[in-house]
Each structure stands twice: as C-alpha cells, then as structure tokens.
Amino acid sequence: MKDVFISYSGERARQVVRLLEAVIENDGWSVWWDQAQIYPGENWRKEIDDALVAATCVVVLWSKESVESPYVIGEAKSSMAKLATVRLDPRVDIPHEFTNTHFVDLDGWDGHHGHPSVKMILARI
C-alpha cells in the first residue's frame, strides 16, 4: 500500500493533487489518490477504505467542493490521528469537526518544493 493518502474533491484540488503527488514522491514517499489507484471493475469503496487504513498520513485538501463532500469529511474523520489538513482557498471555511486541527494554506501554490506549507506537510508525513 501507499504511504500517503490524498483526500480531495473538485477540479482545482485535482490539479493540486498532481503537483503535491510529485513533491511527496520526490521526497521518497508513495502516494495514493483515487484517480491514479482505482481501476475499472474494482470496488472503489473497499479500495479507499483499505488505502486509508494502510496510509501513514492522510492529506485532506479543503476546497469549496470538499467541505461539502460526505466522502472527504468521512475520510478525514476516520483518519484524525494521522491527518494533515490543507486549505486551498482562504475563503473556504473548514468543517466544524476540524476547526481545532491545525492546517496549512496552499492558495495559489505553483508546485514549488520549497513552499513553507509544503515543508510542513512533508514534516507531518
């Protein structure tokens, strides 16, 4: 299984996942996210649940779509002990259940490995 599970929803978040995946893998960790790891005919719910359990760290990307997604919220709830929370838009209110969880901002991030928030994410892993 993979070291890092990335939970997200929305097109902007999907773009960030691709950038973040490259940075995390460049640091020596393996990454799991649905578009790259679930194949046709597989039970997607089982694949996600298995990957969540196996991951060392779960990175949740909070976007306007993900804060309304029961899937993302459920994935985050089930992974509180190994959660790294990331806000993609400063106008997004993180769901109430996670307001006591420290988060980093990646608003406008261009994929640069040296970004302070990216360093914080890598340190959490």
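**Strands, crossovers and burial in a predicted model**

In this predicted model, Cys57, Val59 and Leu61 extend from strand 3 in one direction and Val58, Val60 and Trp62 in the other, and all are buried.

Q: Which residue in strand 4 stands opposite Leu61?
A: Strand 3 pairs with strand 4 in the parallel sense, over 5 bridges. Within strand 4, the residue opposite Leu61 is Val86.

Q: Which residue of strand 3 is the bridge partner of Ile6?
A: Strand 1 and strand 3 (residues 57–62) run parallel and are joined by 4 bridges. In strand 3, the bridge partner of Ile6 is Val59.

Q: Which residues of strand 1 are buried on each side?
A: Strand 1 spans residues 4–7, and both of its faces are covered. One side holds Val4 and Ile6, while the other holds Phe5 and Ser7.

Q: Through which helix does the chain cross from strand 1 to strand 2?
A: Strand 1 pairs with strand 2 (residues 31–32) in the parallel sense over 2 bridges, and Phe5 stands opposite Trp32. The β-α-β crossover from strand 1 to strand 2 is right-handed, and its helix is helix 1 (residues 11–26).

Q: Why do the buried residues of helix 5 line one face?
A: The buried residues of helix 5 (residues 116–124) are Ser117, Val118, Ile121 and Leu122. Viewed down the helix axis, the buried residues of helix 5 line one face because they fall within an arc of 140°.

Q: Which exposed residues does helix 5 carry on the face turned away from its buried side?
A: The buried residues of helix 5 pack against helix 1, strand 3, strand 4 (83–87) and strand 5 (103–105). On the face turned away from the buried side, helix 5 carries the exposed residues Pro116, Lys119 and Ala123.

Q: In what order do the elements run from the N terminus?
A: The secondary structure comprises 5 helices and 5 strands. From the N terminus on, their order is β-α-β-α-α-β-α-β-β-α.

Q: What radius of gyration does the protein have?
A: Along the principal axes, the C-alpha atoms fill a box of roughly 35 × 35 × 25 Å. A compact globule of 125 residues would have a radius of gyration near 14 Å, and the value for the protein agrees with this: 13 Å.

Q: What share of the accessible surface belongs to carbon and sulfur atoms?
A: Buried residues make up 46% of the 125 residues. The accessible surface of the protein comes to about 6600 Å², and the share belonging to carbon and sulfur atoms is 50%.

Q: What percentage of contacts between residues at least 6 apart in sequence join residues at least 24 apart?
A: The contacts considered are those between residues at least 6 apart in sequence. Among these contacts, the percentage joining residues at least 24 apart is 63%.

Technical notes. Residues numbered from 1 in each chain as written. Predicted model: local features only at pLDDT ≥ 70, side-chain atom pairs only at ≥ 80, totals over all residues. Heavy atoms only, no water. Buried < 20%, exposed > 50% of the residue type's maximum accessible area, 1.4 Å probe, protein only. Pairing = 2+ DSSP bridges. Right-handed = clockwise from strand over helix to strand, strands pointing away. Arc of directions from axis to C-beta. Contact = heavy atoms within 4.5 Å. Rg over C-alpha atoms; globule rule 2.2 N^0.38 Å. Areas by Shrake-Rupley, 256 points an atom, 1.4 Å probe, with all protein chains shown as cover.
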